[in-house]
Amino acid sequence: MTKNEINVSSLLYNPFDKESLKKLKEYDEFKTIPDDKIISYIILAYDLKSDVRKEYPSRNQQKVEAAKFAGFKFTSNQFDKTVEEILIGEDYDVNMAIVKYLSFFGKPELMTLEFLYNKQFLLLYNQNKGLDDEKDSHKTMMLLKDNINTLTEVIFGGSETITARTALYDYIQKNSTISVRPENIADKLSNDEPPLGDSNPYGEGYMPDKMKYLGGK
Amino acid sequence: MAAEYDKSFIVNDGVKGITPIRISLPKPPKYYLIAGHKLEPEDQYFKREVMPEKLKSLEKDVRDKLRQKDREQRDFRATGQLIEDETWRELESNEEYYAKEIEWIKKQWWHRLYGYWFFNNGKPTYIDGWHWFYLNYWPIGNERKGSHGLPDYRDRDRKQFLFFRYSFTTCETFKNLDTETGFAIADENGDYEIIELPFRVCGGVIQPKNRRGGNTHQGLCIQYEVTSRTKSTDKMSGIQSYTKDNALEHYNMKVMPAWECMPFFFKPQWEGDTRPSELSFTHRKFEPTLGGTKLTYANTAEATAFDGSKQLINLSDEEGKTLETDIIYRWNVNKNTISTGDGSTIFGWSYHPSTVADMNERGGMQYKRLFEMSNFYQRNSKTGQTQSMLFGLLFPAYDGLEGFVDKFGNTIIDVPTEEQKNNGFDRGYGAKEHILSTSDFLLKQNTPESLKSYREHRQLYPIDLTDFFLIDSGDTGINIQIIDKRLGEIDALPRNQKPSEMFDLKRIDPSNKDSDVIHIPNPEGRFKISFVPHSDQRNKRVQQQVFDRQKNAYKMAYSPIMPKFISCGDPFQFNTKTQAELRRDRSRWSNGGGATLRRRDMSIDTTDVISDWKSYGFVCTYNNRIAILDEYCEDMIMMCQFFGSLMYPETNVPRLYEYFLERGYGGYLAYGIDPLTGKIKDKPGFFTRDKQKLFQANKDYIDKRGHVENHDDYLMECKQIPGIEYLTDFDLFVACGGCIMGDQETTAPITQKEVNKRVVLSGQLFAPYRY
């Protein structure tokens with residue numbers, strides 16, 4: 001799939017149109033996003049109708065490809081440190097923007113997550129300012145963290161907040177060019193290793209079932 | 001809304017004489033990931049992969065650059081290996097630029113290894129990786145415009161490749177097997193219980209086929225696919241055919257052109273120049289000490305060609321044409337090249353396609369036997385393997401017949417549907433009718449030329465199992481037109497109206513070996529019966545004094561009363577359990593044949609026109625592989641007792657008539673009259689050394705009675721026997737011929753008047769009755 005093949009008309013916002021991005025920036029959550037490429041990335045990776053989500057079955061692959069389409073530099077199988085943090089969910093501001101974007105799709109769990117993020121933010125803010133008036137603020141904080149983790153797993157799929165960096169680079173490593181040489185495929189097959197890493201045109205983990213005899217009729 | 005995907009496919013279907021095999025299909029992925037999901041059903045059909053322009057340019061640019069350098073620099077040579085290597089280097093050093101192309105290559109690899117899904121006329125359809133590789137990367141010289149020489153998608157090929165994969169991976173066998181014959185036993189609903197063994201059970205596929213099916217190319221393609229992606233120091237894949245020249249031709253004319261067209265990402269490094277004498281793949285670039293796999297051909301058709309090798313994929317092409325060697329022996333040698341531990345661990349796979357119309361007598365008969373040894377439903381209880389370690393596969397000629405395949409690759413077998421007509425199919429009939437109407441037309445002409453053409457047409461376009469082994473050895477003289485017509489009539493009858501059915505014959509009191517015999521319906525039974533005598537006519541016998549010449553004394557023995565039937569048994573060689581057990585290879589067991597003929601009843605058939613008779617014809621046939629000869633002999637006694645029939649045995653193996661004597665059934669034995677002396681012969685029955693006479697008996701019977709014969713198993717043997725030299729392979733043919741000869745050579749047909757005459761025993765041994 002090329003950048004031109006992406007059907008932008010089905011998306012809520014056009015990731016490659018400055019005017020469209022400008023509209024998104026009217027929301028508070030997007031005002032803090034320093035680079036339009038990040039907004040493009042959010043649209044491409046998180047819009048429920050994004051072709052990137054359809055074309056690339058693996059979640060990590062979707063993120064990598066969305067970041068590339070958004071225009072982030074990808075050299076020697078690596079992104080810059082800041083982009084890497086965005087992809088693995090370590091940038092708080094971007095996470096908030098993602099939650100906001102997801103809220104446009106009217107999914108209750110997305111809204112809840114947004115609320116939890118805001119609540120968490122407020123707690124932290126008050127603690128830092130010495131304005132903590134909640135009796136069990138620590139307990140509340142832990143509860144919030146658990147809920148956020150659970151919901152993040154539901155929304156983003158998988159335990160990527162925990163192992164995101166490993167998974168992302170595992171994906172990149174497994175799918176580097178060298179592995180598609182016939183000699184490398186043979187090598188991996190002989191060692192019972194998955195010869196193509198996570199790459200799978202039918203979605204992560206899909207394999208045709210083994211055929212079985214059913215009868216003589 | 002997309003149609004539901006197929007949950008299974010079926011092979012060996014629509015071929016009379018063989019049991020179909022139904023196999024499950026994989027569940028599909030999410031529909032939006034399947035090729036063609038965005039298209040309308042009429043636009044959904046198989047489409048080949050299109051290589052991205054950037055990759056095409058990459059290959060071309062590198063090649064042009066190196067060839068230019070080759071021209072300019074004397075000490076530089078642009079070898080094929082260097083071009084491939086440089087292409088990879090270029091790709092790897094520009095990963096970002098080629099990122100999408102690399103993803104595309106990965107997809108190609110995935111489909112090659114695991115298969116491909118596409119929407120076909122609204123239905124999610126799965127094809128195996130071998131099939132996908134064949135369709136996209138194995139040119140076969142297809143001249144259709146736009147095909148680029150690549151094969152067209154055919155649904156028949158889909159089933160074939162899926163079955164190949166099943167045979168390559170399955171560890172399944174039947175839980176319940178007949179302890180003697182190894183045949184799978186179905187439950188009351190006709191279902192089989194399956195168990196999974198911890199090892200593979202099949203070493204390949206044997207497939208009689210008609211011409212132009214592309215089977216040789218398919219076998220070669222699988223060889224390349226597996227060999228070129230396997231890392232091994234000692235394994236290879238070999239092509240063997242009916243002559244060394246033919247194997248070499250396959251390599252030069254089929255493998256080499258395909259390999260030359262192969263894109264760089266499916267072409268591992270190799271040894272030799274741009275047209276090597278064998279494809280030896282090497283991993284030395286990565287591991288200098290490691291050798292590689294190779295794809296090569298045999299320099300001889302002999303069994304020794306690959307002896308001692310370890311084969312990944314073996315292709316044994318056109319075995320039915322082989323004259324230079326015994327192909328069963330050759331396969332027994334090659335079996336050990338695809339497996340270890342006397343076949344206990346199968347690591348390779350072997351494909352045995354052979355063109356029906358090209359089979360000769362020798363190779364054809366051996367090929368037929370190898371096919372019979374590959375019965376999916378007959379397994380070794382321990383290994384789960386068939387006798388040959390192969391599975392037999394057949395497609396009727398109408399499946400995939402050119403001119404009757406729609407754009408979705410499906411064969412229009414019967415009357416075309418409106419949708420098929422709307423899609424451009426302009427005939428009012430399907431492939432099956434096309435073939436059958438040609439046969440019928442030739443039959444109706446009824447000239448020597450048209451009848452010869454009829455036989456040739458059946459060979460070229462086989463539909464029934466018998467057609468697949470209609471080995472051409474010149475004219476046997478047996479009228480197969482009559483047989484085909486009668487087989488067609490029998491075939492068209494509903495299952496509950498077939499003229500003959502399977503039964504077991506058992507003693508009513510198992511503890512009394514001379515008690516009455518009863519018949520019990522059993523689809524897996526040993527006796528095929530078309531006429532059951534009235535209950536008061538069964539088991540009619542007397543015990544009386546007969547002369548035993550061996551003991552030179554009179555002895556009490558059972559005799560039939562007023563026998564209206566004559567039977568024949570064609571026994572086999574082994575007679576003890578120990579001997580049978582020593583012959584572990586069931587393939588070397590011979591069948592025991594038997595038949596009972598109802599003799600002309602002159603009270604019913606008064607005219608001399610044989611073709612008009614109502615009473616005359618076979619009523620029972622028996623053709624079973626039994627381990628112990630005495631058990632077979634006991635079956636023959638029960639058959640004679642049940643029908644009240646004389647036994648006119650084939651006596652090359654004397655055990656059958658000796659057994660009758662030992663068991664006290666000497667009165668059932670029938671004796672011929674020596675034509676030279678006019679005396680009754682010393683021994684009962686006949687020798688098959690008089691082959692011409694036996695052959696003639698069957699031929700005459702088919703001419704006069706074939707049109708009403710009720711035993712299709714006998715008709716099929718008459719159709720299949722290629723010549724007089726093959727009598728030993730056609731036990732039922734011999735047994736039925738023996739009945740006919742016995743009817744002519746022993747006593748005169750029974751008449752109503754004669755029935756009441758007193759029975760007189762005479763002759764030097766146990767002479768036939770005289771009336």
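Predicted model: local features only at pLDDT ≥ 70, side-chain atom pairs only at ≥ 80, totals over all residues.
The size of an interface is often given as the accessible area lost when the parts come together. For chain A and chain B, this buried area is about 4800 Å², and 60% of it lies on carbon and sulfur atoms. In chain A, the residues that lose the most area to chain B are A:Tyr202, A:Met211 and A:Tyr213, which together account for 19% of what that side buries. Counted by contacts, the interface involves 45 residues of chain A and 69 residues of chain B.

Between chain A and chain B, 15 residue pairs are in polar contact, with both residues at pLDDT 80 or more. Several elements of chain A each supply at least two residues of the side that touches chain B: helix H4 (51-55), helix H5 (59-70), strand S1 (74-75), helix H11 (182-190) and strand S3 (213-215). Of the side of chain A that touches chain B, H11(A) gives the most, with 8 residues. By class, that side of chain A consists of 21 nonpolar, 14 polar and 10 charged residues. Salt bridges across the interface of chain A and chain B number 7. One salt bridge joins the side chains of A:Lys212 and B:Glu196, at 3.5 Å from N to O.

The two chains are also linked through strand pairing. S3(A) pairs with strand S2 (residues 21-24) of chain B in the antiparallel sense, over 2 bridges. A:Gly215 has B:Arg22 in S2(B) as its bridge partner.

Within chain B, two asparagine residues were examined for their backbone angles. B:Asn121 has a positive phi, near 50°, and is a residue other than glycine. The position of B:Asn121 is in the loop between strand S3 (116-120) and strand S4 (123-127) of chain B.

B:Asn539 counts as buried because its relative accessible area is 11%, and buried means under 20%.

Conventions: Residues numbered from 1 in each chain as written. Chains lettered and ligands numbered in written order. Heavy atoms only, no water. Contact = heavy atoms within 4.5 Å. Buried area = accessible area lost by both parts, 1.4 Å probe. Salt bridge = Lys/Arg side-chain N within 4 Å of Asp/Glu carboxyl O. Polar contact = N/O pair within 3.5 Å; in protein donor to acceptor, adjacent residues only side chain to side chain. Helix = DSSP H or I, 4+ residues; strand = E, 2+ residues; numbered from the N terminus. Nonpolar A, V, L, I, M, F, W, Y, C, P; charged D, E, K, R; others polar. Pairing = 2+ DSSP bridges. Buried < 20%, exposed > 50% of the residue type's maximum accessible area, 1.4 Å probe, protein only.
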